[in-house]
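Hello,

Here is the structure I promised to hand over.

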Amino acid sequence: SLCRYYSALKTMEQLENLYLPRVSQYRFCQIMIENLPKLREEIKEISMSDLKDFLESIRKHSDRIGETAMKQAQQQKTFSTALQKQNNVNYGRNMHLGRSRILESKNEITLKRTFEEDDEVEVLTAQDLVDFSPVYRCLHIYSVLGDGEIFENYYRKQRRKQARLVLQPQSSMHETVEGYRRYFSQIVGFFVVEDHILHVTQGLVTRTYTDELWNMALSKIIAVLRTHSSYCNDPDLVLELKNLIVVFADTLQGYGFPVNQLFDLLFEIRDQYNETLLKKWSGLFRDIFEADNYSPIPIGNEEEYKIVISKFPFQDPELDKQSFPKKLPVSQSVPQIYIQVKEFIYASLKFSESLHRSSTEIDDMLRKSTNLLLTRTLSSCLQNLIKKPHIGLTELVQIIINTTHLEQACKYLEDFISNITSISQVTVHTARLYGLSTFKDARHAAEGEIYTKLNQKIDEFIQIADYDWTMSESDGRASGYLMDLINFLRSTFQVFTHLPGKVAQTACMSACQHLSTSLMQMLLDSELKQISMGAIQQFNLDVIQCELFASSEPVPGFQGDTLQLAFIDLRQLLDLFMVWDWSTYLADYGQATSKYLRVNPSTALTLLEKMKDSSKKNNIFAPFRKNDRDKQKLIETVVKQLRSLVNGMSQHT
């Protein structure tokens, strides 16, 4: 024991200084004097051996010591939070005075563990885990022998080595929360022991030494956490890591170690947590869109209506007046998306808690992460959805309606965040939600896709057109493919009545213009060499049907004959050929008042040459019939004049 070694040293000191000099002439005294240094060395070696055992013991137990310290810090924090909620005025003072030190008394560590089975607090003393006496003994012996500094240097060197080992993480640490917990416990255990040594021994370690050690450890810890947390794709694990870092930081702060850098690191990890959340929510949004039937939600009774509006802030006074059963304009994905945005806000908030930040900062963080969810994740999912092949015109119309209602709901999400953080939206620093742009962009994309898909459907009908370009006379009725096309357009535009006016009108105008252009291209196709007058008459019957459709106001809101003007180029071209009104065309060409103002000379020339070839081949204007010969000459003359007009135009350009 310490007393035995210490009294032995005292005895040797008395012998050496007091008794042996008196009897130095005797041989046995000389032998004793020679042996005293050896005895001292033996005592030093024995105490050093004990110290090495101690160092091994604290290396083994640092995990357990740290785990207990962190539990105590967490319990104290929970208790303090409860006190704070009761507005206990002594809260701040008590926290300051009751420093959460696990090693409280001079010679022991008091370790408290709560056992839930019997609701009792069991107190574990230092002797259950670590016996500190070898340190005191060894320090004392070396000090008595004047080698205090040697001991001090040895102890510090060994502990630095242990620190480096403790700070080296397992390669798989990032895979489980247990891996992180073990890492933190060992580090806390290490510094709890050093704090104890600092407070119960004089000079073995100093505050400067522990601060240097902590600064070295802190930079290593931050580098390790930065690397390992970046491997993690599970938001739940990142959240658990954050909670561990907070407890770790709070525990060490209780021992006087500065931990601000850890909270700064948590801000970096928070960005990464949000990235993992955004990935997760991207999948959730995709699943919701995949499962949607893109039909208005049927509501059978008041109960069903209440369930839907409890999930989504739907307000429509007109719909409220209608009796049950009725339909909400939105499809089932709308309330589901809205709920998921709120769930994301809650998930994002979980990380912001305990970060030692103000409500204003947390409010700002929540708005920024929600903006990312809307403008990046949800926006991308919507854009991808709109481009999917199975999304037809009906679905696109529903998506436009859905995004309109989601956009209107953004203000309720603003209120939702304000209620969580208790920060008023009128605060100058409050960031706004940019969801409006997300839904507007999605709508524009859906509108563009509607115009594209409409044109594709028109092309499909045009491809099955089967004109007999050599027919001597028309069938007397419009072509079947064209009537099918017009019926398709009529039923499609009925679905468009739910769309905002401008979209329906643009879609209708776009479809009519595309149909007109497609019919014109069919006539002027270079592969088509001959066209008879009968084919022109048949084609005219089809264009009349297009004009009738345009004048029937398939979509409300067009002024006068705006929609019919989509077919004006075709109409004037066909009239010119049907009436054979070349003298008027040539005389009035270039004048604003010309009734064939929209007929381009090159277009007229292309069609006329197809008819000329047809008349030659079919012998319609046989050489021995004078009238026909005259007509053939007239065609030749018109062709020449048209060519000169075309050449004149090309020279001007």
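**A pair within one helix**

Glu56 and Arg59 sit three residues apart in helix α2 (residues 27-85), so about one helical turn separates them. They form a salt bridge, and their closest N and O atoms are 2.8 Å apart. Glu56 is partly exposed, because its relative accessible area is 34%. Arg59 also counts as partly exposed, at 42% relative accessibility. Please keep in mind that this is a predicted model.

**Salt bridges across the chain**

How many salt bridges does a search of the whole structure find? The search finds 23. Two further pairs are worth a look.

Start with Arg226 and Glu268. They form a salt bridge, with the closest N and O atoms 2.8 Å apart. Arg226 lies in helix α8 (residues 207-230) and Glu268 in helix α10, so this pair ties together parts that are 42 residues apart in sequence. Arg226 counts as partly exposed, with 42% relative accessibility. Glu268 is partly exposed too, with a relative accessible area of 38%.

Next come Arg598 and Asp569. Their salt bridge has its closest N and O atoms 2.8 Å apart. Arg598 lies in the loop between α21 (582-588) and α22 (601-617), while Asp569 lies in helix α20, so the pair ties together parts 29 residues apart in sequence. Arg598 is partly exposed, at 47% relative accessibility. Asp569 is partly exposed, with a relative accessible area of 27%.

There is also a network. Salt bridges that share partners join Asp195, Arg207 and Asp211 into one.

**Helix α20 and what follows**

Which residues of α20 are buried? They are Leu570, Arg571, Gln572, Leu573, Leu574, Leu576 and Phe577.

Trp580 follows α20. Trp580 lies in the loop between α20 and α21. Its phi is positive, about 60°, although Trp580 is not a glycine.

Glu553 is another such case. Its phi is positive, about 55°, and Glu553 is not a glycine either. Look for Glu553 in the loop between α19 (533-551) and α20. Glu553 counts as partly exposed, because its relative accessibility is 48%.

**Charge on the surface**

Glu303 is found in helix α11. At 52% relative accessibility, Glu303 counts as exposed, because the cut-off for exposed is over 50%.

Lys157 is found in helix α6.

**Ile150 in helix α6**

Helix α6 (residues 148-166) also holds Ile150. Is Ile150 buried or exposed? Ile150 is exposed, with a relative accessible area of 51%. Ile150 and Leu139 are eleven residues apart in sequence. In space they are 9.8 Å apart, C-alpha to C-alpha.

**Two loops to check**

Asn293 has its place in the loop between α10 (260-291) and β3 (298-299). Asn293 counts as partly exposed, at 47% relative accessibility. Asn293 and Glu395 are 102 residues apart along the chain. Their C-alpha atoms are separated by 8.3 Å.

The other loop holds a cis peptide bond. Where is it? The bond runs from Phe324 to Pro325, and its omega is near -5°. Pro325 is found in the loop between α12 (317-321) and β4 (326-327).

Best wishes

Notes
Residues are numbered from 1 along each chain as its sequence is written. This is a predicted model: local features need pLDDT of at least 70, side-chain atom pairs count only at pLDDT 80 or more; totals for chains, interfaces and linings use all residues. Side-chain values use heavy atoms; hydrogens and water are left out. Helices (H or I, at least four residues) and strands (E, at least two) are DSSP runs, numbered from the N terminus. Buried means under 20% relative accessible area, exposed over 50%, partly exposed in between (1.4 Å probe, protein chains only). A salt bridge is a side-chain nitrogen of Lys or Arg within 4 Å of a carboxyl oxygen of Asp or Glu.
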